[in-house]
Structures are given as C-alpha cells and as structure tokens.
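Me: I'd like to learn how to read a model like this one, feature by feature. Can you walk me through it?

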Amino acid sequence: MKQRSFLLAPRPEANSRRPIRRELVVGWLFALPALAFYALFVLVPFLMSLEYSFFRWDGIGVMKWVGLKNYLTVFEVPVLFESIINAFKLVLFFSLIPVGLGLVVASVMHKVAAGTFGSVARTILFLPQVIPLVAAGIIWGWILAMPGLLNETLRATGLESWARAWLGDFDWALPAVGMIGIWVLLGFCTVLLATAIAKIDPSLFESARIDGSNWLQEFLSITVPLLRQEIGVCLTVTIIAALAAFDIVYVSTGGGPGNATAVPGIQIYILAFTEQRIGPASALAVLLMVLVLLVILPIQRLTREERS
Amino acid sequence: MVSDDKHFSLPEEILSTRKVLTFLVVLALAGAVTLPAQTLVPPFGKNPVVLNAYFETGFDIPYKLAEEFTKQYPNVTWDIKQDQFANLINVTPRLLSGDNPPDLIRLPTMVSFAKQGLLMNLDSYADKLGWNKWPVPQMVQNRVGSDGIRGAGSLYAMGLNYSMTGVFYNKKLAAQIGMTKPPKTLAEFETILAKAKAAKLQPIMEWGSAKSGMGLAFPLQALMAAVGPVKPINEWIFNKKGATIDTPSNLKAAQMLEAWINKGYFPADINAIEYTDAAARFGQGEGVFTFNGDWQNPGYDKDLPGNVGFFAMPPDTASRGPAAMSAPLTYGIAAKAKNADAAAFFLTWVAINPVARQINIDIGGSNPGGPASAPAGKVAAGSVTNETLAAGVEVGKAGNAMDFIANATSAIFAQGWTPELQKMVGGKQTAAGMLKAVQAEYLRELEQ
C-alpha cells in the first residue's frame with residue numbers, strides 16, 4: 001500500500017514538466033504557420049541563393065559548378081566592388097545623419113514642442129515613411145532636375161552658379177541620392193527617439209537643471225546615454241537601408257552617372273536579370289548579406305551589453 | 001532603359017548592303033505601284049481564339065494592330081499583358097519558359113532565347129505564309145545561326161515594322177541659323193552645329209540618364225558610320241569572332257563626339273535627362289537637332305506640326321553615302337505557344353493588310369515592310385514620316401544600314417556604353433579609354 005500510495009502520489013518534477021511540455025508544444029503549434037512561411041519565403045530562397053552562387057547558370061539551362069569563381073568575380077570586376085564602396089558611402093546619409101539629426105530634433109521637440117505642435121511636427125517628419133519610395137524617388141528626381149525646384153530656387157536667390165543637374169553630376173549624384181535617404185529616414189529616427197525620450201524620468205532633467213546644466217549638457221549626459229538602446233535600433237535599421245539600398249537609387253539615377261551611384265542592389269539586379277548571370281548575382285547578394293551582418297552584429301552586441 | 005530601346009534593338013540587316021538597298025528601294029517603289037495584295041486564309045476559321053500576347057508599354061502600335069485584327073476577325077480576342085522595355089529584357093526568359101508562354105511577344109533580344117530553345121523556329125511559316133518571297137533583308141536581322149551568330153540561319157522573329165534612325169531638326173530654328181536644306185557632308189553638319197552654338201541655341205537635344213540608357217550612343221554610332229565602314233560595326237554587334245569596336249575609324253568618331261561634348265553641343269545636364277524629357281524638350285523648341293528614330297514621328301508631328309525635318313547622318317565624304325541604324329520592331333512566338341498558327345497569321349496580316357499597314361505608318365511612323373507588292377499607304381502632308389521614309393531609301397541605296405551598337409550583348413548598353421559615355425560627358429573618360437572599356441566589357445560578357 002505504501003508503495004502504491006507512493007506511486008500514485010504526484011511527483012513534483014513530473015507535475016511541473018507536463019505543463020511546460022504542453023506549453024512548448026502549443027507554442028510551437030502557434031508558431032508553425034509563421035515558421036512555415038518564413039522557411040518557404042526566406043530560408044529556402046536564401047539557401048538557393050547560396051547554392052546558385054557556386055554555379056554558372058543563366059536561370060534556364062544546365063547549372064555548372066564553378067566553386068568560388070563567382071565570389072572572385074565580385075572582387076575582380078571593378079564596377080561590382082565599387083558598388084560595395086558606394087553602399088558604405090550611403091551609410092553616412094542613410095544612417096549617421098538621420099540618427100544624429102533625429103536625436104537633436106527629438107530632444108529639441110521634447111524641450112520646446114510638447115502637445116499639439118509636437119504631434120503635428122512628428123507627423124510631418126514621419127510622412128516620408130508612408131510615401132512609397134518609388135514615388136519619393138520620382139518626386140525628388142523632379143526637384144533635383146536642371147529645370148527643377150531646387151535649381152530654380154538657387155537661381156531666384158542669386159546662387160545660379162550652384163545650379164546643376166544634381167542627379168547627373170559625378171560629384172553630387174551620390175550626396176543627392178543620400179539627401180533623399182535623409183528625407184525618408186529622418187522621420188523614422190525622430191519618432192522612435194522622441195518616444196524614447198518621453199519615457200525618461202523627468203526628474204533627471206529637473207535635477208540637471210537645478211545643478212545648472214544647459215541643453216547641450218543635458219543632451220550629452222542624459223538623453224544620449226539613456227537612448228543607447230533606441231539609437232542601436234535606429235542604426236541597425238538605417239544601416240541595412242543603406243547597404244541594401246535599391247529602390248531609391250534605381251528610381252532616381254539608375255546607378256549613374258558612370259556608376260557613381262551604383263550600389264550592390266542595382267548590380268545584383270542587372271547581373272541576374274539583364275545579363276542572366278545568376279551565379280555572380282547570387283555571390284554578390286551573399287557577400288552583401290555577410291557585410292550587413294558584419295556591421296550590424298557589433299551594434300546589436302553593444303546594445304545588448306548596455307541592456308544587461 | 002525606357003521603351004525607346006525597343007527600337008534600339010535594330011538588328012543586323014546589313015550584312016549584305018545590296019540586299020538592303022534592294023529592300024528599301026523596292027519598299028519605296030511599292031508606294032507608287034500598288035499590286036494585288038497576297039490572299040490570306042486564317043488558320044483558325046470561325047473558331048474562337050484567345051491570343052496570349054506580351055507587348056511593350058508606351059507604344060501604341062501593337063495595341064492598335066491587335067484592335068484592328070479583332071475587328072476584322074471577331075472570333076480572335078486578345079489577352080494582352082505589357083511591360084516596360086527594360087523589364088521585358090528581364091522577364092522574357094521566364095515568360096517563354098513558363099507554363100503559359102505567350103503566342104506573341106515583343107523581343108528585346110533573341111540570340112540567347114533561340115539558343116535555349118525558348119523561341120519557335122519560324123522557318124516553316126516563312127515557307128507556308130510566303131514570307132520567303134518578301135524582300136530578303138526584312139528577315140536577315142531575325143535569323144540566328146546554330147553558332148549563335150545573327151544574320152544567317154533559321155528565322156526566330158518577324159518585324160511589326162522597320163524603323164529608321166537619324167537626325168531630326170526643328171525647321172524654324174534651323175532656318176534661323178541659315179540651314180535651308182539638310183547637310184550633305186559631315187563638315188557641313190558641323191558648321192551648322194557651330195552656328196547654332198554661336199546663336200546661343202541648344203545645338204543638339206539628347207538624353208543620357210542611366211534610367212533611359214545613354215542616348216549619345218545614337219550620335220556616336222552615326223559618327224562611326226560617317227567616318228568609316230559599317231561592316232565591322234555590324235560584325236561586332238553580331239558577335240563575330242575577333243570583332244572589335246576599338247578600331248581607328250571608330251576612335252576618330254569617338255573623338256569627334258568628345259569634341260562635340262566639349263564644345264557644348266549637348267545639354268549640360270544630359271546625364272540626368274531621360275528619353276521622354278529629351279523628346280518633350282525638343283518638342284518645346286529646345287534643340288535645333290536631336291538624334292532619334294522614326295518611332296517618335298507621331299510625337300514630333302504632334303508637338304511641332306509641320307516643323308520637324310529629318311535626314312540620315314551625312315558622311316565625311318559624299319562618296320560614302322548616308323548611314324543609319326535601322327531594324328525591325330521584333331516580335332516572336334514562344335516555342336511552346338498554344339496558338340502559334342494564329343500568331344504567325346497575325347504577323348503576315350500586319351505586313352499585308354492595307355488597314356494594318358496604314359496603322360503602322362500613322363501610329364508607328366515606320367515602314368511596314370512586307371511583300372514588295374504591298375500597298376505603301378498614305379502619309380499626311382507635312383508629317384516628318386515623309387522624310388524618314390525618303391531617308392530610308394537613301395540609306396538603302398548607300399548600303400549603310402546598321403544594327404544598334406547597344407544590342408551587341410544583353411548588358412552592353414547598361415554596363416558598357418551608358419556608364420562610359422556618361423563618364424566622357426563628365427570629363428572622366430577619354431574617347432580612346434571609352435572604346436577600350438566597352439570592348440573589355442563586351443569580351444567579359446561574351447565569356448559567360
């Protein structure tokens with residue numbers, strides 16, 4: 001009997017494990033549809049790209065194994081390698097300036113533009129995020145054209161010598177494309193950072209003010225350090241936008257003039273679809289992904305350390 | 001690349017200059033002597049047919065022809081999809097190899113598709129439908145040999161019409177600087193350009209944005225044919241073994257273009273100008289000249305009615321004769337098309353039916369081709385189409401027609417000509433360096 005009652009008695013370990021297992025199973029079941037889609041539309045294409053990058057293939061005929069040749073091609077053909085350099089130049093415009101400027105704008109708005117005015121300002125700044133990038137590229141194309149709004153304004157203000165075909169100028173095309181990136185991404189960074197600033201304990205700012213701090217000191221000693229995590233998110237999103245840029249560049253310059261704005265996204269598109277060279281296109285795509293990870297992972301790590 | 005490129009895909013007619021001469025002269029004469037049209041017997045009878053077609057966005061001609069075809073054969077309807085020319089280049093292999101391959105498709109290029117077995121070999125239709133009796137050069141450009149070289153071999157496409165490129169001019173502006181008739185030599189043309197510049201007019205309106213593809217390829221090729229023979233240019237375009245674009249006469253042409261750039265004959269913002277902007281700006285009176293093709297005739301007639309003239313690029317010496325890029329508006333049939341017979345019938349109808357031919361002239365602005373006996377159709381008085389058709393005859397007589405240098409490989413325009421010519425405009429490339437870079441890119445692409 002004793003033994004029996006012992007056997008019947010619920011064992012503490014078993015008791016706690018059963019619900020965990022059940023939760024685990026239910027959890028996986030809930031995640032399964034999403035995982036299936038993720039696998040189908042992200043993991044499978046990724047693995048296929050990886051596979052293609054080792055073959056010579058026109059997308060239709062027989063695939064021929066070429067080992068690492070496609071990867072070497074990316075480094076040997078100047079225009080392909082230069083596109084990677086251009087993508088890093090875009091990081092300045094798509095990432096560093098929007099995040100830096102976004103911090104300042106969010107901080108200023110927190111200080112002087114609370115209430116309705118602040119909401120309106122945030123909405124206006126965020127507006128470019130909801131405009132399709134293709135439309136944005138076309139509109140900016142008109143603004144930056146020789147007979148466009150910017151040049152007309154320069155002429156009207158006596159700065160005619162500055163007027164130029166911004167998107168067709170070798171020195172200015174990349175910064176001009178970068179300007180479009182700033183316009184698009186500034187709102188995103190500002191809204192994210194403004195929301196985070198609003199969560200900072202007001203007493204910190206109050207004490208700083210009592211101690212005689214000015215805005216700049218508050219900004220550098222309170223705002224920036226406490227927003228480190230959000231800055232990490234902004235940097236991650238915007239750096240990916242810069243390195244994997246395609247739509248804004250394709251619509252505004254098509255990669256020109258003379259490949260001055262050609263980025264990996266454009267070259268992958270031309271290689272894969274115009275040239276029907278799936279191998280080098282996939283190799284460049286895989287390299288691009290590796291580069292993005294190399295840049296993003298340290299940022300993620302820094303953010304995580306800060307959190308812990 | 002915008003839709004204009006479609007006409008860039010002029011292919012190789014001119015391996016035999018005599019054939020072209022015959023073709024164009026016969027076509028012109030056909031207008032004067034209207035012979036009985038070839039009888040057409042539709043292969044589909046009264047059965048309902050839905051033609052699955054893939055056309056190019058931005059050009060009305062195939063749509064108008066399809067509409068008229070249904071009017072004449074009401075049991076034939078259309079399922080038409082469309083795309084920009086640049087996108088067509090990208091999607092064509094998948095469309096042709098897919099489950100629902102088009103019965104009729106605008107072909108941006110054809111060699112690779114023919115080699116991959118994706119395009120229907122049209123040799124049997126050429127026999128059955130009488131195409132082989134039409135002036136030979138119409139078909140030469142659409143033939144692909146088993147070695148992958150165009151110009152000979154089996155037929156893989158037909159032209160809806162045959163376009164002609166050259167120099168358009170604004171008659172009023174030209175008169176202002178004393179040009180009363182088109183120049184006969186390159187030197188005369190250069191003198192007029194200098195006068196236009198001196199008169200503070202924009203001498204040449206052209207486009208150059210990478211989004212449209214670099215329009216300076218037009219004047220460059222025209223200059224190449226004005227100072228040297230066209231045969232080596234065509235051989236290069238057709239990928240003949242050992243062919244090079246970096247020849248002494250082509251270098252001379254490139255240096256002349258460089259000089260024109262440096263003299264300010266092209267707009268300062270050319271690298272940012274798209275095809276449609278250039279056409280619109282010329283239509284608004286900006287530019288005495290513009291290098292373009294006859295597909296733009298309806299647009300020019302609309303923007304500057306009765307005020308646009310045309311001439312083929314004059315040569316450096318009168319003995320060489322005028323030269324031009326000229327090619328069919330190429331359409332093919334998928335190897336696995338369900339209604340291939342009906343599609344082939346449509347291609348015959350386009351070239352033979354008088355209404356279709358008239359649509360081609362009115363809407364397309366181009367020569368409808370077809371049998372030598374086909375009626376030529378009427379061209380409105382004052383339309384620039386009169387001049388493009390006449391110039392076609394002159395070029396034919398000289399035997400100086402060419403395919404387009406942008407058609408040598410599928411990406412030579414995007415990866416070679418466009419960036420290198422843009423660099424030349426920006427002072428970052430020399431004429432010699434440009435030709436060397438394009439040749440290197442050409443060899444790289446052919447190695448694939």
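Me: Let's start inside. How many residues does the largest nonpolar core have, and which have the most contacts inside it?

Reply: Keep in mind that this is a predicted model. As a general idea, nonpolar side chains in soluble globular proteins tend to be buried together. Here the largest nonpolar core has 150 residues, and A:Leu193 and B:Ala323 have the most contacts inside it. The top contributor to this core is helix H8 of chain A (residues 173-199), with 16 residues.

Me: What does B:Ala323 touch, leaving out residues up to four places away in sequence?

Reply: Its partners include several alanines, among them B:Ala222, B:Ala225, B:Ala226, B:Ala312 and B:Ala398. B:Val230, B:Met313, B:Pro315, B:Val395, B:Asn400 and B:Met402 are touched by B:Ala323 too. Another core, of 56 residues, lies apart from the largest one; B:Leu65, B:Ala126, B:Ile333 and B:Ala334 are among its members.

Me: Now chain B as a whole. How many helices and strands does it have?

Reply: Chain B has 19 helices and 10 strands. Its radius of gyration is 21 Å, close to the 22 Å that the globule rule gives for 448 residues, so chain B is as compact as a globular protein of that length. Along the principal axes, its C-alpha atoms fill a box of roughly 65 × 50 × 35 Å. Buried residues account for 60% of the chain. Of the contacts in chain B between residues at least 6 apart in sequence, 78% join residues at least 24 apart.

Me: Which domains does the assignment give for chain B?

Reply: Domain 1 covers 32-163 + 326-385, and domain 2 covers 165-325 + 402-447. Their C-alpha centres lie 28 Å apart. Where they touch, 18 residues come from domain 1 of chain B and 23 residues from domain 2 of chain B. On the domain 1 side, strand E9 (324-332) and helix H16 (354-364) of chain B each supply at least two residues. That side divides into six nonpolar, 11 polar and one charged.

Me: And how many residues does each chain bring to the contact between chain B and chain A?

Reply: Counting residues instead, the contact takes 24 from chain B and 23 from chain A. On chain B's side, helix H4 (85-97) and helix H18 (412-425) each supply at least two residues, and H18(B) gives the most, with six residues. By type, the chain B side has seven nonpolar, 12 polar and five charged residues.

How values were computed. Residues are numbered from 1 along each chain as its sequence is written. Chains are lettered from A and ligands numbered from 1 in the order in which they are written. This is a predicted model: local features need pLDDT of at least 70, side-chain atom pairs count only at pLDDT 80 or more; totals for chains, interfaces and linings use all residues. Helices (H or I, at least four residues) and strands (E, at least two) are DSSP runs, numbered from the N terminus. The radius of gyration is taken over C-alpha atoms; the globule rule is 2.2 Å times the number of residues to the power 0.38. A residue is buried if 20 or more other C-beta atoms lie within 10 Å of its own, exposed if 12 or fewer, and partly exposed in between; C-beta atoms are placed from the backbone. Two residues are in contact if their C-beta atoms, placed from the backbone, lie within 7 Å. Ala, Val, Leu, Ile, Met, Phe, Trp, Tyr, Cys and Pro count as nonpolar, Asp, Glu, Lys and Arg as charged, and the others, Gly among them, as polar. A nonpolar core is a set of buried Ala, Val, Leu, Ile, Met, Phe, Trp, Tyr and Cys residues joined through C-beta atoms within 7 Å. Domain bounds come from an automatic or database domain assignment.
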